[in-house]
Amino acid sequence: MATGEKKIRKKKKLGSYPFMSVTFSIFMTLLVVGLFGFILLNATELKRYIRENVELQVYLKKRTNDSELAKISKTLSEKSYTLVKDQIPQIRTISKQEAAEEFMRETGENFVKFLGDNPLRDVVVLKVSESYHHPDSLPIIEADIMKYSSVFEVAYEQNLIKGINDNMTIITLFLVGFAAVLLLTAIILINNTIKLALFSQRFLIRSMQLVGATAGFIQGPFLKRALWYGLLSGLLACGILFLLITYINGEIEDLSQLQNTTNMGILFGGIVLLGMLVGFGSSFRAIRKYMKLSLDELY
């Protein structure tokens, strides 16, 4: 008899939730959100990586000497449209002698001896900052470079850059749209899970109201438990996600280069914060709802 009474008291403890079901439901939802967040971050970094490796070739006139080559290279390195990475302008020069040696090394033919002259030109190769990867910006850059008297031609893959911009825009819009839908679905799932978990507490909440308990006194235990479950679920999701990311990085070569500590920290922090905020908000809404229902509606 005492054991039965103990079970009843434990079941009706204010603020209690079904631990396993609530935690597991929130954990699985946060894990799915985290996986998609990881995909979205990698897609964003991949877009940046592709754009950072698009190059412009600036061909100089044949009579350009080494000092002029160095001067034009230094001038272009100071331009706002030249990509700077780790405080280093992403620009390099290829002299016509170096180009000829590279060509002969690859083909095994001495075309300079055959032609009696080196027909190649000195080249300055620069990478363009991502903010200038618009169709209207590149012609402006080309016109700016062509103002220098030592420049013969500016070459870049216009169709390739346009294709990259168009495809990346479509992919980004799709991923952001899907992320919004997934986030909304996650919030609804967590909300419904907690709402169902609190359903068994509705009569206890009414009993506390009848004996004069304040709203804060009734809500406090539920909200604290919701924050704790959200935190625990978020930490579990982060732990499993970290193991999955480590495994994927080991299976896919160079994938880790698309990741950085700051973005991953934001992702993991966002997962934990989402679990706590949604758990707290869902509990608050559910408790407020049950506190306002009439006795007939409770049944």
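**Figure 1. Helix α8 and the glycine that follows.** In this predicted model, helix α8 is followed by G212, a residue whose phi is positive, near 95 degrees. The helix itself covers residues 202–210. Its buried residues are R202, L204, I205, R206 and M208.

**Figure 2. Strand β5 and its two covered faces.** Strand β5 comprises residues 123–127, and five of its five residues are buried. In a regular strand the side chains alternate between the two faces of the sheet. On one side of β5 lie V123, V125 and K127.

Figure 3. Strand β1, residues 55–60, runs antiparallel to β5 and is joined to it by five bridges. Within this pairing, V58 stands opposite V124 of β5, and Y59 has V123 of β5 as its bridge partner. Strand β4, residues 91–94, also runs antiparallel to β5, and four bridges join the two. Here R92 has V125 of β5 as its bridge partner.

**Figure 4. Strand β1, with one covered and one uncovered face.** Which residues of β1 form its covered face, and which form its uncovered one? The covered face consists of L56, V58 and L60. The uncovered face consists of E55, Q57 and Y59. Besides its bridges to β5, β1 is joined by four bridges to strand β6, residues 151–155, and these two strands run antiparallel. One point of reference in this second pairing is Q57, which stands opposite A155 in β6.

**Figure 5. T23 in helix α2.** T23 has its place in helix α2. Is this threonine buried or exposed? T23 counts as buried because its relative accessible area is 6%, whereas the limit for a buried residue is under 20%. When its neighbours within four places in sequence are left aside, T23 is in contact with Y229, L232, S233 and L236.

**Figure 6. The largest pocket and its lining.** Rolling a probe the size of a water molecule over the atoms shows where empty space is left. The largest pocket in the model has a volume of about 330 Å³. How many residues line this pocket? The lining has 16 residues, and those nearest the centre of the pocket are V33, G37, L40, L183 and L267. Helices α2 (19–52), α7 (158–199) and α10 (261–292) each supply at least two residues of the lining. By type, the lining divides into twelve nonpolar residues, four polar residues and no charged ones.

**Figure 7. The protein as a whole, for orientation.** The secondary structure comes to eleven helices and six strands. The protein has 299 residues, of which 37% count as buried. Its accessible surface comes to about 18200 Å², and 63% of this area belongs to carbon and sulfur atoms. Among contacts between residues at least 6 apart in sequence, 84% join residues at least 24 apart.

How values were computed. Residues are numbered from 1 along each chain as its sequence is written. This is a predicted model: local features need pLDDT of at least 70, side-chain atom pairs count only at pLDDT 80 or more; totals for chains, interfaces and linings use all residues. Side-chain values use heavy atoms; hydrogens and water are left out. Buried means under 20% relative accessible area, exposed over 50%, partly exposed in between (1.4 Å probe, protein chains only). Contact means heavy atoms within 4.5 Å. Accessible areas come from the Shrake-Rupley method with a 1.4 Å probe; for residues, only the protein chains shown count as cover. On a 1 Å grid over the protein atoms alone, a cavity is a set of points where a 1.4 Å probe fits but cannot get out, and a pocket is an open set with protein on both sides within 12 Å along at least five of seven lines; lining residues have an atom within 4 Å of a point. Grid points are joined across faces, edges and corners, and a volume is the space filled by probe spheres set on the points. Ala, Val, Leu, Ile, Met, Phe, Trp, Tyr, Cys and Pro count as nonpolar, Asp, Glu, Lys and Arg as charged, and the others, Gly among them, as polar. Two strands pair if DSSP finds at least two bridges between them.
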